[in-house]
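Subject: Structure handover

Hello,

The structure you asked for is below, with my notes after it. Please read the notes with the model open.

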Amino acid sequence: MKHVLSADQFTRSELDGLMSRASEMEQMIQAGGSDLCRGRILGALFYEPSTRTRLSFEAAMMRLGGSVISETDVTFSSQTKGEVMEDTIRIVGSYADVIALRTKEKGEAKLAAHYSPVPVLNGGDGSGEHPTQSLLDLYTITKYHGVGQRPLKVAFVGDLKYGRTVHSLAKILRLYDGVELTFVAPDVIQMPEEYVASDDRILHTLEDSVLRESDVIYDTRMQKERFDDMEQYQQLRHAFVFTPEVVSKMQEEAILMHPLPRVDEIRQSVDALPQAKYFEQASHGIPVRMALIAEVLGL
Ligand code: CP
């Protein structure tokens with residue numbers, strides 16, 4: 001494994017290895033961290049807003065004893081003077097040992113990897129993919145439900161067109177036996193065909209049967225920044241709202257996930273319910289990204 005660009009690239013055995021390494025990293029954090037990456041530098045280049053992905057990549061590198069350089073606002077980058085991203089990547093690749101990258105456009109992580117002398121970790125490319133998020137999502141699901149060990153029903157709800165995390169996670173879950181995927185979204189923001197398989201279920205409304213029968217419900221935010229038509233966004237933004245009443249229809253052992261940030265599609269009154277696992281899910285970003293950094297650096 002060199003670059004991490006798409007969920008397509010993982011094999012089952014690589015995923016098993018990463019999950020088990022992430023679990024070791026969780027213990028390592030408890031034990032006070034490590035100096036595995038002492039002398040190594042992570043370059044964090046984020047050209048779209050981020051809280052979790054950037055900070056958990058940075059914290060992961062620091063927990064491994066390494067250092068971080070970052071560029072988080074394109075207005076302070078030489079790209080505002082006309083430098084193309086390819087040149088920025090070449091340069092940062094000569095300053096850092098690994099690059100975590102978030103870009104505005106689908107496909108830009110792949111372009112960056114072509115020019116980078118060091119591994120590029122795709123931290124979200126526009127409406128394309130978010131493969132490192134799908135690894136922490138898999139880690140979270142594995143903690144509560146043995147993926148591939150028994151039938152597992154997963155329902156994705158919300159903005160499935162622009163929500164890049166669901167694109168990557170659907171690909172990853174297909175590698176496991178017995179996983180049944182349901183996509184719940186109005187037609188205009190339904191899962192793009194390239195991520196749908198013939199046995200997936202497509203629904204337009206969140207039926208009670210889906211709430212009752214799913215082991216995992218993965219909700220997403222309406223990606224306001226990717227809508228061309230703000231009127232359409234306003235019409236859709238409350239298409240699905242998880243309130244305690246809605247969540248009470250889920251099984252007690254089922255889990256409600258969300259990549260965050262949420263706006264108001266999951267009410268704060270849901271946070272204390274046993275199904276609400278989205279904050280724990282976000283916390284898994286650190287051990288999973290520690291495992292990933294160590295793997296791509298061959299450590
Ligand atoms: N889940 C996620 O990508 O969050 P951020 O946009 O805060 O990085």
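Two strands are taken to pair if DSSP finds at least two bridges between them. Helices (H or I, at least four residues) and strands (E, at least two) are DSSP runs, numbered from the N terminus. This is a predicted model, in which local features need pLDDT of at least 70 and side-chain atom pairs count only at pLDDT 80 or more, while totals for chains, interfaces and linings use all residues. Residues are numbered from 1 along each chain as its sequence is written, and side-chain values use heavy atoms, with hydrogens and water left out.

An open sheet is formed by 4 strands in the order 2-1-3-4, with parallel pairing. Strand 2 (67–71) and strand 4 (120–125) are at the edges; each has a single partner strand, so one side of each lacks a neighbour in the sheet. On average, neighbouring strands are turned by 15° against each other, direction ignored. (Axes are lines fitted to C-alpha atoms, for helices over the stretch in contact; angles run from 0 to 180 degrees between N-to-C directions.)

Strand 3 (residues 98–103) pairs with strand 4 in the parallel sense over 4 bridges, and L101 has N122 in strand 4 as its bridge partner. Helix 4 (residues 108–115) packs on the sheet and touches strand 3 and strand 4, its direction making about 160° with that of strand 4. Contact here means heavy atoms within 4.5 Å. Helix 3 lies across strand 1 (41–46), strand 2 and strand 3, and runs at about 155° to strand 3.

Strand 4 is mostly covered, with 6 of its 6 residues buried. Buried means under 20% relative accessible area, exposed over 50%, and partly exposed in between (1.4 Å probe, protein chains only).

Salt bridges

The structure holds 17 salt bridges, each a side-chain nitrogen of Lys or Arg within 4 Å of a carboxyl oxygen of Asp or Glu.

- K143 and E26 meet through their side chains at 3.2 Å, N to O. K143 is in helix 5 (residues 131–144) and E26 in helix 1 (residues 12–30), so this pair ties together parts 117 residues apart in sequence. K143 is partly exposed at 42%, as is E26 at 24%.
- R54 and E58 form a salt bridge with their closest N and O atoms 3.1 Å apart. Both lie in helix 2 (residues 52–63), 4 residues apart, about one turn of the helix.
- R90 and D87 form a salt bridge at 3.4 Å between the closest N and O atoms. They are 3 residues apart in helix 3, about one helical turn. R90 is partly exposed at 42%, and D87 is partly exposed at 32%.
- D8, E129 and K171 are linked in a network of salt bridges.

Two other places to look at

I91 is found in helix 3 (residues 85–95) and is partly exposed, with a relative accessible area of 37%. Together with I69 and Y95, I91 makes a nonpolar surface patch of about 280 Å². Patches are made of residues with over 30% relative accessible area and no salt bridge; like charges are joined within 9 Å, and nonpolar side chains (Val, Leu, Ile, Met, Phe, Trp, Tyr) within 5 Å. Accessible areas come from the Shrake-Rupley method with a 1.4 Å probe, and for residues only the protein chains shown count as cover.

R201 is in strand 7 (residues 201–203) and is partly exposed at 33% relative accessibility. Its C-alpha atom is separated by 4.5 Å from that of T182, 19 residues away along the chain. Leaving aside neighbours within four places in sequence, R201 is in contact with L181, T182, F183 and V210.

Regards
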